[in-house]
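Please lead me through this structure in a few paragraphs, with attention to where individual residues lie and what surrounds them.

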Amino acid sequence: MSAPVPVPPDHASGPVLELSTARSGIVGNDLTVKRALPGKPRRMVGAWCFLDHAGPMDYAPDHGLTVGPHPHIGLQTFTWMIEGEVMHHDSLGNRQMIRPGQVNLMTAGRGISHAEVSPGGESGRIHAAQLWIALPDEERDREPAFQHCPRMPRVEQDGFDITVLVGSAFGQTATPRVYTPLLGFDLESKASARTTLQLDPSFEHAVMPLEGSAVVGGQEVHDGELLYLGTGRTEIDVATPGAGRLLLIGGTPFGKDVLLWWNFVGRTQEDMETATADWNAGRRFGTVPDTGLEPLKAPPLSGLHLRN
């Protein structure tokens, strides 16, 4: 992210159907992603403040995901792997391969650094979603941590294979530890299917197709689009005309201004200036061993001017 993105608290006021288009971005050397959050007009959905969708795509040898060591503060990174494999390395000493059907959750807290690398020297295929979760004020400076979740709860309903990623749904509770009320699940259909999902009316929700298209609440939505549903819903109808996959996320409206700058989530310009100075000086974030990759350089702070 090359410019500061002030993210205002959402002002959700009941059910809506707000359709937006993800923009294209590049992660690592040359991996193309669709970036749905933050976007216009929707910056956050609950504490979810960032959403990249990669693939499904095949890549040539040494052209998968290669992101050298870089820092984070004030957030949790949440990776849902659908196809392919990626190795996670972090400054706590963790080395963990994430495989299809698994989740990696890294809590940055006061500061952590990590790298993500596809298996080297091999061609492969990747399909994944990576999200960031903004930490609330009382948790922003907590100790960093890492959690690998190898098995996620799954249920079948009306032709959908549903994986519960965060929170509780369908009588199942996912294992990732988060610090605000959140929900996330993946719905896959092998053919046309239709169901009704029960929702918490105190949450705001959004849906993004990861493959194919769907009709959600009567609104058609396609791969590369995000449909924001607002708050106040107790249920929503979801239908796919054929094979498809959807990501549904939700949570209580965050209610706080957050600022996204490069790989940091904070509240003030000073947060970003201090974190950038610490990273450039080799303080606070530790080192990521055994990657053979150069650490990423923080962009210049000359462009960081917080807009009121």
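The model is a predicted one.

The pocket is lined by 40 residues, and the closest to its centre are Val 27, Gly 28, Val 67, Glu 116 and Gln 130. Sorted by class, the lining of the largest pocket consists of 23 nonpolar, 13 polar and four charged residues.

Thr 79 is buried, with a relative accessible area of 10%. Beyond the residues up to four places away in sequence, Thr 79 touches Ile 98, Gln 102, Val 103, Asn 104, Glu 116, Ala 129 and Gln 130. With Gln 130 there is also a polar contact, made between the two side chains at 2.8 Å.

Leu 75 is likewise found in strand 7. Its relative accessibility is 0%, and Leu 75 therefore counts as buried. Which residues does Leu 75 touch, not counting those up to four places away in sequence? They are Met 106, Thr 107, Ala 108, Gly 109, Trp 132, Ile 133, Leu 135, Asn 263, Phe 264 and Val 265. Another separation can be given for Leu 75: its C-alpha atom is 9.6 Å from that of Trp 48, a residue 27 places apart from it along the chain.

Phe 264, one of the residues touched by Leu 75, is also in contact with Ala 275. Ala 275 has its place in helix 1, which covers residues 269-280. At 0% relative accessibility, this alanine counts as buried. Leaving aside neighbours within four places in sequence, the contacts of Ala 275 are Ile 73, Phe 264, Arg 284 and Phe 285. Ala 275 and Ile 73 are 202 residues apart in sequence, while their C-alpha atoms are 7.7 Å apart in space.

A contrasting setting is that of Pro 241, in the loop between strand 24 (235-240) and strand 25 (244-251). Is Pro 241 buried or exposed? Its relative accessibility is 61%, so Pro 241 counts as exposed. Apart from residues up to four places away in sequence, Pro 241 touches Ser 192, Ser 213 and Ala 214. The C-alpha atoms of Pro 241 and Thr 196 are separated by 15 Å, and the two residues are 45 residues apart along the chain.

The cysteines come next. How many disulfides are counted? The count comes to zero disulfides. The reason lies in distance, since a disulfide requires a pair of cysteine sulfur atoms within 2.5 Å. For Cys 49, the closest cysteine sulfur is that of Cys 149, and because it is 19 Å away, it is too far for a bond. Seen from Cys 149, the closest cysteine sulfur is in Cys 49, again at 19 Å and too far for a bond. As to accessibility, Cys 49 counts as buried at 0%, and Cys 149 is buried with a relative accessible area of 2%.

The backbone remains to be described. Most residues other than glycine have a negative phi, and most peptide bonds are trans. Against this background, the peptide bond from Leu 37 to Pro 38 is cis, with omega near -10°. Pro 38 has its place in the loop between strand 4 (31-37) and strand 5 (48-59). A cis peptide bond also joins Gly 55 and Pro 56, where omega is about 0°. Pro 56 is found in strand 5.

Positive phi values occur as well. Phe 170, which is not a glycine, has a positive phi of about 60°. Phe 170 lies in the loop between strand 16 (168-169) and strand 17 (172-173), and at 28% relative accessibility it counts as partly exposed. For Trp 262, also a residue other than glycine, phi is positive and near 55°. The loop between strand 26 (258-261) and strand 27 (264-266) holds Trp 262, which at 8% relative accessibility counts as buried.

Key. Residues are numbered from 1 along each chain as its sequence is written. This is a predicted model: local features need pLDDT of at least 70, side-chain atom pairs count only at pLDDT 80 or more; totals for chains, interfaces and linings use all residues. Side-chain values use heavy atoms; hydrogens and water are left out. On a 1 Å grid over the protein atoms alone, a cavity is a set of points where a 1.4 Å probe fits but cannot get out, and a pocket is an open set with protein on both sides within 12 Å along at least five of seven lines; lining residues have an atom within 4 Å of a point. Ala, Val, Leu, Ile, Met, Phe, Trp, Tyr, Cys and Pro count as nonpolar, Asp, Glu, Lys and Arg as charged, and the others, Gly among them, as polar. Buried means under 20% relative accessible area, exposed over 50%, partly exposed in between (1.4 Å probe, protein chains only). A polar contact is a pair of N or O atoms within 3.5 Å; within protein, one must be able to donate a hydrogen and the other to accept it, and residues adjacent in sequence count only if both atoms are side-chain atoms. Contact means heavy atoms within 4.5 Å. Helices (H or I, at least four residues) and strands (E, at least two) are DSSP runs, numbered from the N terminus.
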